[in-house]
Amino acid sequence: MKYSLRKTPSHLHLTYKYGEANGGLLGRNLSLEADGNRLTLEVDLSANLLARNKQSSWYLDAVSLSTNFHKLKSLQCPDNLVRTRLIRAWEGVTDPRLRMRLVLSPRGSYLYEVAPHSLFMGGIQLDVQAFLEEESDVGTATTEASAMAEADADGKHAT
């Protein structure tokens, strides 16, 4: 069964392994799918790639995720509504296992096994335990160099 957690945009903060910079993205249509004791949180990040300004932080952070998806360390969502609904679903399942799917169309979708914990100041943080490559769609991801070249080319043609 699939439940909607939030349809409107919510700010998300991503951190990567190896000391890489944090990324900030807008997530839309946050939903939770329950299948037995397995819960899958799905977040649509595709709108970040639709920015007209290809030098905007939203666009660049989305491109960075598409190339560094395997280095993702954690995702923070400061939204208390999402936190409350996720905790309620978590408590309603015996021995729950949580996964997170980040959808970044057309560059792919990435599935992770995550461990949640509430943040003191509100919101929730999902720490990545494992990247589930066999259930992810990474075939359309581009390299960082080609993405930056694409952003530069788009910027030169702007009026």
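**View 1. Asn48 sits in the loop between strand E4 (38-44) and helix H1 (57-68).** Helices (H or I, at least four residues) and strands (E, at least two) are DSSP runs, numbered from the N terminus. This is a predicted model, where local features need pLDDT of at least 70 and side-chain atom pairs count only at pLDDT 80 or more, while totals for chains, interfaces and linings use all residues. Residues are numbered from 1 along each chain as its sequence is written, and side-chain values use heavy atoms, leaving out hydrogens and water.

View 2. Is Asn48 buried or exposed? Asn48 is buried, with a relative accessible area of 4% (buried means under 20%, exposed over 50%, partly exposed in between, with a 1.4 Å probe and protein chains only). Leaving aside residues up to four places away in sequence, Asn48 touches Leu25, Leu26, Trp58, Tyr59 and Ala62 (contact means heavy atoms within 4.5 Å). The side chain of Asn48 also reaches the backbone oxygen of Leu45, at 2.9 Å.

**View 3. Now look at helix H2 (residues 80-91).** At its start, a side-chain oxygen of Asp79 comes to within 2.8 Å of the backbone nitrogen of Leu81. From first C-alpha to last, the 12 residues of H2 reach 16 Å, close to the 16 Å expected at 1.5 Å a residue (the expected span is 1.5 Å times one less than the number of residues).

**View 4. Stepping back, the chain has 3 helices and 8 strands.** Along the sequence they follow the pattern β-β-β-β-α-β-α-β-β-β-α. Of the 159 residues of the chain, 42% count as buried.

Conventions:
Polar contact = N/O pair within 3.5 Å; in protein donor to acceptor, adjacent residues only side chain to side chain.
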